[in-house]
Amino acid sequence: MKKNFYKVLAAGMFSLCLNSSLFSQDVMKDGKKFYDMNCAACHQPTGTGVPGVYPPLSGVKIVNGGSKRVVAIILNGLQGPCKVDGTQYNGVMQPWKAILSDDRIAAVATYIRQSWGNKGTPVTVEQVKAAREEYKSRTAPLSEADLNAIPDEDIKP
């Protein structure tokens, strides 16, 4: 009886790990697809950005820090001038909150935070919903001052 319990437990744990891995792969696959469709034209397919206009997404503090700023930018957009890791950029990023669903924003944010050597935590749909609620009355893109006022922390759903 005890042996069967442990076999069932081990099989369940293996299945959970496998499904979790597949879920992660699906989120990254979806994130890449939405990134390529909506973000790559400005931030480039490799996340390197365009000097002086669109900041890189690879290897920068804002992407690798807490998820709150990244999701706020995706939801609300960003209008320069804005310094990213000491370099000035002056582009305009459109807000995506009226265009992309919570699951798509979570997938894009996760893809950005875990691609090109980035080590940010995944972003959940629940976190995006919480951020969307927080910024529901905002109508203007974020400025550098707005961005700097957002704590460098993960979103609390």
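H4 is mostly covered, with ten of its ten residues buried; buried means under 20% relative accessible area, exposed over 50%, partly exposed in between (1.4 Å probe, protein chains only). This is a predicted model: local features need pLDDT of at least 70, side-chain atom pairs count only at pLDDT 80 or more, and totals for chains, interfaces and linings use all residues. Residues are numbered from 1 along each chain as its sequence is written, and side-chain values use heavy atoms, with hydrogens and water left out.

User: What covers the buried residues of H4?
Analyst: Helices (H or I, at least four residues) and strands (E, at least two) are DSSP runs, numbered from the N terminus. Contact means heavy atoms within 4.5 Å. The cover includes helix H3 (61–64), strand E1 (78–79), strand E4 (92–93), H5, H6 and helix H7 (144–149).

User: Are H4 and H5 parallel, perpendicular or oblique to each other?
Analyst: Axes are lines fitted to C-alpha atoms, for helices over the stretch in contact, and angles run from 0 to 180 degrees between N-to-C directions. The axes of H4 (residues 67–76) and H5 come within 10 Å and cross at roughly 130°. Angles under 35 degrees count as roughly parallel, over 145 as roughly antiparallel, 65 to 115 as roughly perpendicular and the rest as oblique. H4 and H5 are therefore oblique.

User: How do the residues of the contact of H4 with H5 divide into nonpolar, polar and charged?
Analyst: H4 brings Ser67, Val70, Val71, Ile74 and Leu75, and H5 brings Ile105, Val108, Ala109, Ile112 and Arg113. Ala, Val, Leu, Ile, Met, Phe, Trp, Tyr, Cys and Pro count as nonpolar, Asp, Glu, Lys and Arg as charged, and the others, Gly among them, as polar. The division is eight nonpolar, one polar and one charged.

User: Where do H5 and H6 stand relative to each other: roughly perpendicular or roughly parallel?
Analyst: The axes of H5 (residues 102–113) and H6 (residues 125–134) come within 8 Å and cross at roughly 110°. That makes the two helices roughly perpendicular.

User: Which residue follows H4?
Analyst: Its phi is positive, near 80°. The residue is Gly77.
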